[in-house]
Structure formats: C-alpha cells, structure tokens
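Thanks for coming, everyone. Please bring the model up on your screens, and we will walk through it together.

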Amino acid sequence: MHLKRTTRTLLAGATLAALAACGSPGTGHGAAETTKAALPAPAKKQNTVPGLPGMPPVLDPKDVYAADRPNKLSPVVKDFPSRVYVPNTESNTVTVIDPKTYQVIDTIPVGRQPQHVVPSWDLKTLWVNNDRGNTLTPIDPRTGKAGKTVDVHDPYNLYFTPDGKYAVVMASLDRELVFRDPHTMKRLKTVPVSCYGVNHADFSLDGRYFIVSCEFSGELLKVDTASMKVVGQQKLPFRGAMPQDVKISPDGKRFYIADMMADGMWILDGDKFTKPTLLPTGKGAHGLYVSRDSREMYVSNRGEGTISVFDFRQNKLTKKWRLPQGGSPDMGGVSADGKVLWLSGRYNAEVYALDTRTGEQLARIKVGSGPHGLAVYPQPGRYSLGHTGIFR
C-alpha cells in the first residue's frame, strides 16, 4: 500500500507540473512566467519629437540626416539624371557637368549674377538665384531645361520651411527675409531685419526655428518658423566677422557657422542662443557639408585651398586636405553615394571633385567665371530645405 500511495503521489505531482508547464491557470512561478511569455511583444516607442505642424515626421531624434543615406533617393527623383549644376556669377550662366565622366555637357544662360542653384521643397525643380537680375530661373532636373524666369527681388539665397508652406528668400541687400509661395514665388510676408547681408541658414531638428547668418554685419538671427518673426539676434564676438554657411549637428544640439574672416566655424547652442565658441579650421572658412553617414563634416577653406574634416562624435578636426595647385573651394555638395565632394572654385573658374575617404582630387573642371553655389542633384532625402541642398 505504501508503494502504491507513493506511486500515485508521484504521478499526481508529475501531472500538475506538466499542466503548469503547458500554461494552465495558477498562481505559481511557472504559470506567471508562461503568461508573461505568451503576451505580445511591446510596440516600438513612437517618435515623439514635437515637430513643426505639417512637417514630415522626424525619422530619428538622434540624427537629423537619417534620410540622407547613400543612394536613398526619393521616388520623386530616382529617375533624374545625375548632374552637377554650377552657377557662374560673372558669366550669367549655369554649367552642367556629368559626374560620371567629369565632362561639361551643357551651358544654360540665366539672369544676372546667379548665386546658388537650389532644389525646391518638393524636389521637382531647381531654382537659380539671379541676385542682381532680380529673377529666379527654374530648371527641370528631369530634362535639364530652363523654364520661364520669375520676378523676385534680390534673391541672394533661397530656403524652404520644413512644412513646405513657404519659400524664404534671403534678400541680402534689401535687408529682408521674404516669405513666398513655394511654387509661384508670390510674396506673402516680408520680415525686415536690422542686420546686413542675410545669406545662409539651417533649421532646428523640430523645424520650429532657423538660424540665419548676416555676412556684412557679423551677426546671427534666430527666427521662429511659424510666426515668421525674429526672436533672437546677436553680434559675433570677433571684429570683422563674416559668417557664411550654416549647418546643424546630426543630434540637433548645435549649429555650426563658417566664418571667412575668423578663419573657422562658430559652434552655437541654437535652443539657448547663447554666445558661440570659435573652432579654427583654415583661412576663409566658407562651406559646410555633412557626410552620408552623419559622422563627419567637410569645411571648405576658400582662402587657403584646403578642406578640413570635422568629426561630430570626437568634436574635433581630424584631417585637412589640400588641393593640388591650390584653389578657392567655396560652395557645393556630396554625391548621392557619398563618395565624392563637389566644390566650386570661386576665383579660379573651376570645379573640384574630391574623394571623401582620402581627400584625393579626382577632377578639376573648367567652368564659367565666378562659380559659386553649385548643386549636386539628385541627392538622398524626403524634402529640401533649400540652399545648395539641405535635405531631411
């Protein structure tokens, strides 16, 4: 009898254990673990960046440039031919280069003193800023053909708000920020500014404000995007400062402003808009371009024919490339695959193509007189914020 009772007890215990292991109801440790394991995996945390209303959602709160990865072209532009468009300020033309062959394939007559070639917010049009001609010339990037010019006064540079609602003309000599319809370019609101020479800008991670450089008075502006109002203004702490290109860091915490007279770039906390610090890069620091992996930024030092490479994670300069035979590297952009940095040679009537891994000069191409804000197009990204190609 004793053996039978023991056997029954053991069998009963084994049965209960088996039931528990199969997830039978109960309050024991095994049941609790099984119930927990059976629950669906928690949903991924949604992006909670409170962006400007109407702006496409931020893809990665830690990387503004997450949409700009190599060859990640929008369906809008994926069939556009790859070209380099070079505005020649003294020749009143746009030189078109085939980046595969490094050959000039077209020269497009435009208005007087073209400064920059600017991709539209919807990526469908390239706008040539004919500053002294007081016009914009549209180019169809699918065909490479110019359209009918549009009357726009003093269009030194051109940007687009992140929601695509407005074009913002940097009217440098007029001392105005002019908000216009992004398609017709009809003037909608004019914002007078007290600084002189508004020229370059970039937007915050959430798109709610943008930082503007004022070249001729050595100042910076902070502008509220939605209200279209200047909410901050400061003088740079360097006598004779001439701020140029503006770029935000991948994490959105800092803005970098190239300064051709201070020979470096200012590092600014955009949210606080406190006094920036200067990082020397080279004589005549001018253009700022972020690598496709968001790790580095290329700084063109126009006054000495060099390009400095800044590492965002290390927060320091790690390399300096020198152009063979010198030059005047100015504005430009990075190829869609991230392998080539293209820069205009402002005072040498030429364009430079550099290997982004080694800094080796791949090509040196003769163009018109006074080449300035060239655009490499198409580039990765969902939409354009303007200039020679700021994409998100």
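I will start with the whole chain and then move to single sites.

First, the ground rules. This is a predicted model: local features need pLDDT of at least 70, side-chain atom pairs count only at pLDDT 80 or more, and totals for chains, interfaces and linings use all residues. Residues are numbered from 1 along each chain as its sequence is written, and side-chain values use heavy atoms, with hydrogens and water left out.

Now the overview. The chain has two helices and 29 strands. Helices (H or I, at least four residues) and strands (E, at least two) are DSSP runs, numbered from the N terminus. Of the 392 residues in the chain, 55% are buried. Buried means under 20% relative accessible area, exposed means over 50%, and partly exposed is in between, with a 1.4 Å probe and protein chains only.

The chain exposes about 17,400 Å². Carbon and sulfur atoms supply 54% of that area. Accessible areas come from the Shrake-Rupley method with a 1.4 Å probe; for residues, only the protein chains shown count as cover.

Next, contacts, meaning heavy atoms within 4.5 Å. Take those in the chain with a separation of 6 or more: residues 24 or more positions apart account for 47% of them.

Which residues have the most contacts inside the largest nonpolar core? They are M170, L177 and V198, in a core of 51 residues. Strand 14 supplies the largest share of this core, with five residues. By nonpolar core I mean a set of buried Ala, Val, Leu, Ile, Met, Phe, Trp, Tyr and Cys residues joined through side-chain atoms within 4.5 Å.

Look at V198. Setting aside neighbours within four places in sequence, V198 contacts a list of residues that includes M170, L177, V212 and C214. Y156 and L221 are also among them. There is a second, separate core too, with 15 residues, including V94, V96, I139 and Y377.

Keep C214 in view. The structure holds one disulfide, that is, a pair of cysteine sulfur atoms within 2.5 Å. C195 and C214 are the partners, with S to S at 2.0 Å. The pair links distant parts of the chain, 19 residues apart. C195 sits in the loop between strand 12 (187–192) and strand 13 (198–203), and C214 is in strand 14 (residues 209–214). What is the hand of this disulfide? The torsion about the S-S bond of C195 and C214 is about -55°, so the disulfide is left-handed. C195 is buried at 0% relative accessible area. C214 is buried, also with a value of 0%.

Now back to Y377, from the second core. The whole structure contains twelve aromatic pairs. One of the pairs is F80 with Y377, which is tilted: 6.4 Å centre to centre, 40° between the planes. The criteria: rings of Phe, Tyr and Trp (its six-membered ring) pair if their centres lie within 6.5 Å; planes under 30 degrees apart count as stacked, over 60 as edge-to-face and the rest as tilted.

F80 and Y377 are 297 residues apart. F80 is in the loop between helix 2 (29–38) and strand 1 (83–88), while Y377 is in strand 29 (residues 375–377). Buried or exposed? F80 is buried at 8% relative accessible area, and Y377 is buried at 1%.

The peptide bond from Y377 to P378 is cis, with omega near 0°. P378 lies in the segment after strand 29.

N134 has a positive phi, near 55°, and is not a glycine. N134 is in the loop between strand 5 (126–130) and strand 6 (135–140), and is partly exposed at 26%. M185 has a positive phi as well, near 65°. M185 is in the loop between strand 11 (176–180) and strand 12. M185 is buried, at 2%.

Last stop, Q113. Q113 lies in the loop between strand 3 (103–109) and strand 4 (114–119), and at 17% relative accessibility Q113 counts as buried. Beyond residues up to four places away in sequence, Q113 touches residues including T89, E90, N129 and R132.

That is the tour; questions, please.
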